[in-house]
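Biologist: I'm new to this one, so please pick the part where the side chains pack together and take me through it slowly.

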Amino acid sequence: MPLVAVSVFKGRSPEQKHALLEAVHEALVSAFGIPEPDRNIRLNEYAPGDWLLPPGKTERYTLVEIHAFAGRSPEAKGALYARVVRNLGALGVEPSDVFVIVVEQPRENWGIRGGQRADLVDLGYKVKV
């Protein structure tokens, strides 16, 4: 159950925002094998003066921060990055305007399903993909 934050500049319609979140979720389902209903994705919107971007980035810049259980292979992470870029590209975001970071923590650092340590819970899916 990754926790995801997608950061963008303000100005998108509710439908466009939903499409961004769904694009990232689809990439997680595809690359990490998480169950489709397992989602915890939020959108952060910024005014132009509230975010200092790297050189060469546009107003379509999209930052995807994913906090996940440790254990995914480099190949699964690479597949995730490529899928996020592909999915966001279909929504008009250029590959050069996409930045994805995966921050991994051991499962015992997560309290889930009513405060249980995640390493003691049967997740119903594999983390080591």
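**The core and its helix pair**

Modeller: In the largest nonpolar core, which has 32 residues, Ile66 and Leu80 touch the most other members. A nonpolar core here is a set of buried Ala, Val, Leu, Ile, Met, Phe, Trp, Tyr and Cys residues joined through side-chain atoms within 4.5 Å, and buried means under 20% relative accessible area (1.4 Å probe, protein chains only). Keep in mind that this is a predicted model, where local features need pLDDT of at least 70 and side-chain atom pairs pLDDT 80 or more, while totals for chains, interfaces and linings use all residues. Residues are numbered from 1 along each chain as its sequence is written, and side-chain values use heavy atoms, without hydrogens or water.

Two or more core residues come from each of β1 (3-9), α1, β3, α2 and β4 (98-105); helices (H or I, at least four residues) and strands (E, at least two) are DSSP runs, numbered from the N terminus. The biggest giver is α1, with eight residues.

Now look at Leu80. Beyond its neighbours within four places in sequence, Leu80 is in contact (heavy atoms within 4.5 Å) with Ala27, Leu28, Ala31, Phe32, Ile66 and Val102.

Leu80 is also one of the α2 residues that meet α1, whose side of the contact includes Leu20, Ala23 and Phe32. The axes of α1 (residues 14-32) and α2 come within 8 Å and cross at roughly 150°; axes are lines fitted to C-alpha atoms over the stretch in contact, with angles from 0 to 180 degrees between N-to-C directions. The two helices are therefore roughly antiparallel, a label for angles over 145 degrees.

Technical notes: Parallel < 35°, antiparallel > 145°, perpendicular 65-115°, else oblique. Buried < 20%, exposed > 50% of the residue type's maximum accessible area, 1.4 Å probe, protein only.
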